[in-house]
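This report goes through one protein structure part by part. Please keep the sequence and the 3D view at hand while reading.

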Amino acid sequence: MELRMTETEQAALATYAVAMRRALTLAAQGPSTGVNPQVGAVLLDATGQIVAEGWHRGVGTPHAEVDALSQIADASGLTAVVSLEPCNHTGHTGPCSVALIDAGVARVVYAVADPSPIAGGGAQRLRDAGIEVISGVLAEQATEFQYRWLTAVRLRRPFVTVKWAASLDGRAAAADGSSQWITGTASRQKVHEERARADAILVGTGTVLADDPTLTARGDAGELLEHQPLPVVIGVRPISGDAKLWDHPRGVLESGSRDLPEVLRWLFEQGIRRAYVEGGPTLASAFVAAGLVDEYSIYLAPKLIGGPTLALRDIGVGTIGEAKNLHITSIENLGDDLLISARPKE
Ligand code: AOF
Ligand code: ZN
């Protein structure tokens, strides 16, 4: 295909790729939590110069395309470069496909298709209106950037990150049950950052009873971070009235159901797109066994504990051929600890 492209077409694609990189940088300025994706858009004139920029600032605010269009009096004949396929539905705002058609743009370039059944279809509407549409520019980078939101919308459930902290020999607690401060301060600070990037933190009732956690996202000085994820407690046992969790700024959501797909569907309906599963081993194991984990955050401290309390329990692996295979996406040093991030192998 590429061999048959003219030099002019190749030059245009290179220009769109540069513009798309800018659109992704703009997109990153929007909030990474909440129901809506992070989207950026730029408008190019005939020479490929950026003449307007926009990005989405969170639910209820203008979409990136409309934000960019609002920066310029006359967009006719311009090329719009957007990190996500323009939407085709009226939600909090009108369809961006129509806004682009009405503005008279000549061409729309986007990176990845919108997988949501109600908002998708913008590309077709633009084509039907006679606008040139080019898709797939920087698709890989845009997919990675929006990986969690895209996965959640595609699967109609929150993107699930399971976290645990363990000794190098995979123990989550000592023989007497004590488990606090296996990892060091740098790891604990990182966990707060991960909490602040989630819409909900999921824990089992066992963890609430054993650890009495606050489940807030806090900064270095113990101050509450701006975004607080919603704590969700899964299990049938009641939580005592004086549990610290009741003071959480977002309140507490309790789920008596242990049917995890059902719990996740329900959370998706509540607008939860990113769920951070913080324990304990029973809940983590249930998510792993059910094949409902999209990402692992495994904190390892240079300690040996031995004994029976492992980070995971039965995950339905009876023989080595059934082992869950992961691929490691990054390894980070946090003080003396390691953070291993991994995803299930496709
Ligand atoms: C955004 N920002 O820049 C784009 C989006 O309820 P609404 O009207 O805010 O619509 C949200 C949907 O619109 C979202 O789920 C996605 O499918 C589509 N595109 N959304 O929040 C944007 N371009
Ligand atoms: Zn839109």
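## Basis of the report

The structure is a predicted model. The values below were computed from that model.

Strand E7 runs from residue 200 to residue 204. Is this strand mostly covered or mostly uncovered? Strand E7 is mostly covered, since five of its five residues are buried.

Strand E7 pairs with strand E8, residues 230-234, in the parallel sense over five bridges. In this pairing, Ala 200 stands opposite Leu 230 of E8. The two strands also belong to a right-handed β-α-β unit, in which helix H8 (residues 205-211) is the helical part. Strand E7 has a parallel pairing with strand E10 (residues 274-279) as well, over four bridges. Here Ile 201 stands opposite Tyr 276 in E10.

## Salt bridges

Side chains of opposite charge can pair when their charged atoms come close. How many salt bridges does a search of the whole structure find? The search finds 12. Arg 148 is partly exposed, at 33% relative accessible area, whereas Glu 295 counts as buried at 10%.

Another salt bridge joins Lys 190 and Glu 332, with 3.5 Å between the closest N and O atoms. Why does this pair tie together parts that are 142 residues apart in sequence? Lys 190 lies in helix H7 (residues 185-196), while Glu 332 lies in strand E12 (residues 326-334). Lys 190 is buried, with a relative accessible area of 15%. Glu 332 counts as partly exposed at 29% relative accessibility.

## A salt-bridge network

Helix H7 also holds Arg 195. The side chain of Arg 195 meets that of Glu 278 in a salt bridge, at 2.4 Å from N to O. Glu 278 is in strand E10, so the pair ties together parts that are 83 residues apart in sequence. Arg 195 is buried, with a relative accessible area of 9%. Glu 278 also counts as buried, at 12% relative accessibility. Through salt bridges that share partners, Lys 163, Arg 195 and Glu 278 are joined into one network.

## The zinc site

Which residues coordinate the zinc ion (ligand 2)? The zinc ion is coordinated by His 63 through ND1, and by Cys 87 and Cys 96 through SG, at 2.0 to 2.2 Å. The spacing of these donor residues in sequence is H-x23-C-x8-C.

His 63 and Cys 87 are 24 residues apart and link distant parts of the chain. His 63 is in the loop between strand E2 (50-55) and helix H2 (64-69). Cys 87 is in the loop between strand E3 (79-84) and helix H3 (96-103). Both His 63 and Cys 87 are buried.

## Pro 281 in helix H10

Pro 281 has its place in helix H10, which covers residues 281-289. Pro 281 and Leu 310 are 29 residues apart in sequence, and their C-alpha atoms are 7.5 Å apart in space. Leaving aside residues up to four places away in sequence, Pro 281 touches Leu 310, Ala 311 and Arg 313.

## The nonpolar cores

The largest nonpolar core has 41 residues, and those with the most contacts inside it are Met 20 and Val 137. Helix H1 (residues 7-27) gives the most to this core, with seven residues. Not counting residues up to four places away in sequence, Val 137 touches Leu 13, Tyr 16, Ala 17, Met 20, Val 109, Tyr 110 and Ala 111.

A second core is separate and has 31 residues. Among them are Val 160, Phe 287, Leu 312 and Ile 315.

Key. Residues are numbered from 1 along each chain as its sequence is written. Chains are lettered from A and ligands numbered from 1 in the order in which they are written. This is a predicted model: local features need pLDDT of at least 70, side-chain atom pairs count only at pLDDT 80 or more; totals for chains, interfaces and linings use all residues. Side-chain values use heavy atoms; hydrogens and water are left out. Buried means under 20% relative accessible area, exposed over 50%, partly exposed in between (1.4 Å probe, protein chains only). Two strands pair if DSSP finds at least two bridges between them. A crossover is right-handed if, with the strands pointing away from the viewer, the path from the first strand over the helix to the second runs clockwise. A salt bridge is a side-chain nitrogen of Lys or Arg within 4 Å of a carboxyl oxygen of Asp or Glu. Donors are N, O and S atoms within 2.8 Å of the metal (3.2 Å for Na, K and Ca); water is not among the atoms, so sites may look incomplete. Contact means heavy atoms within 4.5 Å. A nonpolar core is a set of buried Ala, Val, Leu, Ile, Met, Phe, Trp, Tyr and Cys residues joined through side-chain atoms within 4.5 Å.
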